[in-house]
Amino acid sequence: MMQRCIQLARSAAGRTAPNPMVGCVITQQGEIVGEGFHPKAGEPHAEVFALRAAGTRAHGATVYVSLEPCNHYGRTPPCAEALIKAQVSRVVVGMVDPDPRVSGGGIARLREAGIEVIVGVEEAACRQLNEGFIQRVLHQRPFGILKYAMTLDGKIATPQGHSAWVSNEAARSQVHQLRSTCDAIIIGTHTVARDNPSLTSHCVSQDNCHNPLRVVMSRSLQLPVEAQIWDVTHAPTLVLTQGNGNPQILQQIQDQGVEVLPVDQLTPQVAMAELYRRGCATVLWECGGTLAAAAIAQGMVQKVMAFIAPKVIGGVGAPSPVGNLGFSRMSQALELNQVTCEAIGTNFLIQGYLEPPKSDEIPR
Ligand SMILES: Nc1nc(O)c(N)c(N[C@@H]2O[C@H](COP(=O)(O)O)[C@@H](O)[C@H]2O)n1
Ligand SMILES: [Zn+2]
């Protein structure tokens, strides 16, 4: 049932920030009588939809929910009260809500009302479902994912910068799917100029056409006038810049509907702070090696997703996915945790989590 909750929750992936993805299932004698998920911040919580579907069959029922029911008045009233009012008997919770407005309070309120509460069922999966929300709430910044595709010899392009395509079609389609679950994607000046990416989800499935906010970090504004990313018909674009870059390009892209925001110091940290302010929970770094290294060094990358293609392109000057981190010894290498490896046809996806950087190891 908790796996079903997670599946329901995921149907709103990319659309709930700053809120979490949550799914809820209500059962009577093992039979599902109501289901729901949280579709969007400002709309009712998953429990409310499931209770509506169950109606009077919620009396004496067991409720499964991937996140602790809330007990606060936010954009919506407390779910704990709704569950008490519906006279459910038992609530099975995936994980405690890290939001300090809830954080154990919902569970305590249900127990106080005489409802049996079981906590921590499929907890690891529930935590993974909401790694963006957890990062946002606990660290006041979005969860950063660095994604790249490289050849077997560690190159993301030829020495001339040509990169279409490193990975196979199935891997690229998985990236489109990934984009549809993110709130923003960041690239730098060179990626716009060299790759001309659209950075959309290409409407991966009928029920998920969500496109994240596309963010270009550009100090110089030495950007092409013609680029797919300036077409804001299907997805918005934000250019973060510093100082007085090229005023001509600035005017031209603004005329097309692109938002330009000058900041004092254009760094990955400042970009992520701005995206946090805008409500983002999960941010994808699809940038080149220099920006990727800066993002890692500033602790703005929590997860790495590396697509590896069995190709060898060679070339001493061919770019690699991560630029200079200032390390000179292999013992300084950043090791990923919870590593998984998945075959996608003849390509591989290796992913894992980065420890937060120790300030004495990485130059900032
Ligand atoms: N248990 C649960 N189910 C949901 O469907 C939810 N969206 C939440 N969210 C929690 O409530 C906070 C948001 O409250 P409002 O939507 O603004 O009323 C969010 O931070 C979570 O703590 N919980
Ligand atoms: Zn709630």
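Student: In this predicted model, how far does a polar side-chain atom of Asn 19 lie from an oxygen atom of ligand 1?
Tutor: Asn 19 belongs to the loop between α1 (2–10) and β1 (23–28). A polar side-chain atom of this residue faces an oxygen atom of ligand 1, and the pair falls within the 3.5 Å limit for a polar contact.

Student: Is Asn 19 buried or exposed?
Tutor: The relative accessible area of Asn 19 is 13%. Buried means under 20%, so the value decides the class. Asn 19 is buried.

Student: Which atom of ligand 1 lies 2.7 Å from a polar side-chain atom of Glu 47?
Tutor: Glu 47 is among the residues that come nearest to ligand 1, along with His 45, Ala 46, Asp 97 and Asp 99. Its side chain places a polar atom 2.7 Å from the ligand. The ligand atom in question is a nitrogen.

Student: How far is an oxygen atom of ligand 1 from an N or O atom in the side chain of His 72?
Tutor: A pair of N or O atoms has to lie within 3.5 Å to count as a polar contact. The pair formed by the ligand oxygen and the His 72 side chain meets that limit, at 3.4 Å.

Student: What percentage of the area that ligand 1 exposes when taken alone does the protein bury?
Tutor: Taken alone, ligand 1 exposes 510 Å². Around the ligand there are 19 residues, and they divide into seven nonpolar, six polar and six charged. The part of the ligand's area buried by the protein is 99%.

Student: Why is the pair of Phe 143 and Tyr 353 classed as it is?
Tutor: A search of the whole structure finds one aromatic pair. The ring centres of Phe 143 and Tyr 353 are 6.4 Å apart, and the ring planes stand at 55°. Planes under 30 degrees apart would count as stacked and those over 60 as edge-to-face, so an angle between these limits leaves one class. The pair is tilted.

Student: How many residues apart are Phe 143 and Tyr 353?
Tutor: Phe 143 is in strand β6 (residues 143–151), and Tyr 353 is in strand β14 (residues 347–353). Phe 143 is buried at 5% relative accessible area, and Tyr 353 is buried at 14%. The pair links distant parts of the chain, with a separation of 210 residues.

Student: Which ring does the charged end of Arg 52 sit over?
Tutor: For a charge to sit over a ring, CZ of Arg must be within 6 Å of the ring centre. The charged end of Arg 52 is 5.4 Å from the centre of the ring concerned. That ring belongs to Phe 49.

Student: Where is there a cis peptide bond with omega of about 10°?
Tutor: Most peptide bonds are trans. Another runs from Ala 164 to Trp 165, with omega near 0°, and Trp 165 lies in the loop between β6 and α7 (169–180). The bond with omega of about 10° joins Ala 17 and Pro 18.

Student: Is Leu 199 buried or exposed?
Tutor: Leu 199 is in the loop between α8 (189–195) and β8 (213–217). Its phi is positive, near 55°, while most residues other than glycine have a negative phi. With a relative accessibility of 2%, Leu 199 counts as buried.

Student: What is the accessibility class of His 202?
Tutor: His 202 is also placed in the loop between α8 and β8, and its phi is near 55°. Values under 20% count as buried and those over 50% as exposed, so a figure in between gives the remaining class. At 47% relative accessibility, His 202 is partly exposed.

Definitions and conventions
Residues are numbered from 1 along each chain as its sequence is written. Chains are lettered from A and ligands numbered from 1 in the order in which they are written. This is a predicted model: local features need pLDDT of at least 70, side-chain atom pairs count only at pLDDT 80 or more; totals for chains, interfaces and linings use all residues. Side-chain values use heavy atoms; hydrogens and water are left out. Rings of Phe, Tyr and Trp (its six-membered ring) pair if their centres lie within 6.5 Å; planes under 30 degrees apart count as stacked, over 60 as edge-to-face and the rest as tilted. Helices (H or I, at least four residues) and strands (E, at least two) are DSSP runs, numbered from the N terminus. Buried means under 20% relative accessible area, exposed over 50%, partly exposed in between (1.4 Å probe, protein chains only). A charge sits over a ring if NZ of Lys or CZ of Arg is within 6 Å of the ring centre and within 35 degrees of the ring normal. A residue is near a molecule or strand if one of its heavy atoms lies within 4 Å of it. A polar contact is a pair of N or O atoms within 3.5 Å; within protein, one must be able to donate a hydrogen and the other to accept it, and residues adjacent in sequence count only if both atoms are side-chain atoms. Accessible areas come from the Shrake-Rupley method with a 1.4 Å probe; for residues, only the protein chains shown count as cover. Ala, Val, Leu, Ile, Met, Phe, Trp, Tyr, Cys and Pro count as nonpolar, Asp, Glu, Lys and Arg as charged, and the others, Gly among them, as polar.
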